[in-house]
Every structure is written in C-alpha cells, then in structure tokens.
Amino acid sequence: MCLIVFSWTPDAPTPLVLLANRDEFFERPAEPMHWWRDRTDVLAGRDLRGGGTWLGVNRSGRFAALTNFRDGRAPMAPKDAPSRGLLVSAMLDATPFDDDLARVEKHAHEYAGFNLLTGDLPAGKLFWLGNRDHARTGRDGDSPRRALPVAHPIAAGIHGLSNALLDTPWPKLVSRRHALRAALAEGADDVTLLTLMRDPTQAPDDALPETGVTPAWEKALSAAFIASPAYGTRCTTLLRYHRDGTLELTESTVSPGQSANDLNDLRRYRFQIART
C-alpha cells in the first residue's frame, strides 16, 4: 500500500475516516478483503505470497495498515527477511495491543523499510511506527545509531502516509489530504471518498521527490492512482470507525488497465465491535 490519508479526531462521533490505495505488482497473487478462514476475527485482504496483508481490522476494533518505505539507495533487504505484511496481521492478534506493539518495535529492524499505522480504536489509540524514522534512528557522522524504532501516537488532525515518513509533503499526499478535508466538510458519501483517491495526476518534474529511483519511475509513482501494465494501484479502501462501536469498510479492486474512474467490484462490510 502506497498512499493513506486519514482524519483522526478521537472525541468526534466518527473518530477515524481513512482512505488507502494499495500499489503492487499485478503478478503478485492476492485475495481481496474478506473474513479470513483461518483467523475468523480478521477482516482484510491477503497477500498469497507472503501470507500477511496490507490493511485490516478485527472484531475487537484493532486496525493496522502498511506502506513500504522507498529508498532506492538503501541496501537490498536480505532474501530471508520476513514479509512486511506479517506486521499488519501481527497487530490484529487477540493478545493485548500494547504487547503486540512492543513486540513489533523490538523486531522492526528485521524487515525491509516500512511504515505501520495501527490502533486500538475503542481505546482511542492510534500510532505510527517506521523503521526508517531518521528522527529516531538518525546518523552520527557516517555511523547509524542503534536505537530501536519507537511508535509515535498520532495527534488529532488530517494526516497522510506514503512511502516516506508520516506527513512527508509529497505532492500526491498533500493534494489527497486537502481533498479529504474538503470532502469531509461537505459530508461526502462513500463513493465520493473512494473516487478522490483515483487521481492519476502526476507531479511536475520540479516537485518530484528524490528517492533513489529513476526519474521516469519517480514520475509514474508520483500519482495517487498509479496505472502501468505491470505495477499499479490494486485496490482502494475506505474505513470509518464510529464511537458507537460500528466499523464500516468499503473496498474497490482494480484490474490491469482499468480506468481510474471505474469503481467496480465494491465490497462492503459493516459490523459492531465485540466488547470484551
């Protein structure tokens, strides 16, 4: 998943409204959002190669979503590095949230670069954890500090997460964050919210980030909705969490070559969080 924008207002009737695009190679097999058969309290898509997921919730109101951290200059991750999608499924366990989060912090350095957004929504908890968080793991000269990544609580507001640190002002993140703010102010419906993530506009050359990939690839990846023959936006997901304990999720999947404006194969889920 490569772009998430969300509104987090813990004291509001709807504390969390989140939109996410998952970008991935089309050849990587995956299942769309469903209740998992082997973990029946988990609602998520599933990566059939790594076994984890990019975004999911469980019946007790746990939430987690993942983006990769893009740095083409960094060393390649070891071939035996675990799939980053397992971090999401690990945060959807039935064990205490704080214990799971501490466990992920401890092992975060074992994974390729990632950003994890995760929360215990009924408890009013939402955190961001990145294992390329240079504010925490910066450099002393040329030697990386060994401090472990630490999860940061999310302040109330409109936020965005792409393939850099939280709220890094890449053009697509800034534009979709503004679009979400305006849509929420107008009381937008689900289809309108999903549609605002289907923006194929690419950033001008002078506004492109520099992440160590080729300029042509940087340009293609600068759109909120990425369309290319082999790699692109695979699905768009909307999540709403209400203080009365209702979770609503709507997902639209994307096929290779599909128009950005084509919201097809909508899957809708609505359930009450199980009280413990």
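Asp 167 counts as partly exposed, because its relative accessibility is 25%. I start with this residue on the predicted model for its backbone angle. Asp 167 is not a glycine, yet its phi is positive, at about 65 degrees. As a general point, most residues other than glycine have a negative phi. As for where Asp 167 sits, it is in the loop that runs between strand 12 (157-161) and helix 4 (171-185).

Now the protein as a whole. There are 6 helices and 15 strands. The chain has 276 residues, and for that length a compact globule would have a radius of gyration near 19 Å; the protein has 18 Å, so the two agree. Along the principal axes, the C-alpha atoms fill a box of roughly 50 × 40 × 35 Å.

How much of the protein is buried? Buried residues account for 50% of the 276. The exposed surface comes to about 12,500 Å², and 52% of it is supplied by carbon and sulfur atoms. On contacts: take those between residues at least 6 apart in sequence, and 60% of them join residues at least 24 apart.

On charge, I have 33 positive side chains and 34 negative ones. The centres of the two sets lie 2 Å apart.

Next, the cysteines. How many disulfides does the structure hold? It holds 0. Cys 2 is in no disulfide, and the nearest cysteine sulfur, in Cys 235, is 11 Å away. Seen from the other end, the closest cysteine sulfur to that of Cys 235 is the one in Cys 2, and at 11 Å it is too far for a bond. For reference, a disulfide is a covalent bond between the sulfur atoms of two cysteines. Are these cysteines buried or exposed? Cys 2 is buried, because its relative accessible area is 7%. Cys 235 is buried too, with a relative accessible area of 3%.

You will find Asp 133 in the loop between strand 8 (125-130) and helix 3 (134-137). Its relative accessible area is 4%, so Asp 133 is buried. Setting aside residues up to four places away in sequence, Asp 133 touches Trp 128, His 152 and Leu 165. Leu 166 is 33 residues from Asp 133 in sequence, and their C-alpha atoms are 9.2 Å apart in space.

Then Glu 31, which belongs to strand 3 (residues 30-35). Glu 31 is partly exposed, because its relative accessible area is 23%. What does Glu 31 touch, not counting residues up to four places away in sequence? The list is Arg 37, Gly 45, Arg 46, Leu 48 and Trp 54.

On to helix 1 (residues 85-90), where Leu 86 is found. Leu 86 has a relative accessible area of 33%, so it is partly exposed. Leu 16 lies 70 residues from Leu 86 along the chain, and 23 Å separates their C-alpha atoms.

Where is it found? Thr 214 is in the loop between helix 5 (190-196) and helix 6 (215-221). Its relative accessibility is 47%, so Thr 214 counts as partly exposed. Thr 237 is 23 residues from Thr 214 in sequence, and the two C-alpha atoms are 29 Å apart in space.

To recap the residues: Asp 133 is buried, as are Cys 2 and Cys 235. Partly exposed are Glu 31, Leu 86, Asp 167 and Thr 214. That is the end of my list.

Terms used: Residues are numbered from 1 along each chain as its sequence is written. This is a predicted model: local features need pLDDT of at least 70, side-chain atom pairs count only at pLDDT 80 or more; totals for chains, interfaces and linings use all residues. Side-chain values use heavy atoms; hydrogens and water are left out. Helices (H or I, at least four residues) and strands (E, at least two) are DSSP runs, numbered from the N terminus. The radius of gyration is taken over C-alpha atoms; the globule rule is 2.2 Å times the number of residues to the power 0.38. Buried means under 20% relative accessible area, exposed over 50%, partly exposed in between (1.4 Å probe, protein chains only). Contact means heavy atoms within 4.5 Å. Accessible areas come from the Shrake-Rupley method with a 1.4 Å probe; for residues, only the protein chains shown count as cover. Lys and Arg count as positive and Asp and Glu as negative; His and the chain ends are not counted. The place of a charge is taken as NZ of Lys, CZ of Arg, CG of Asp or CD of Glu. A disulfide is a pair of cysteine sulfur atoms within 2.5 Å.
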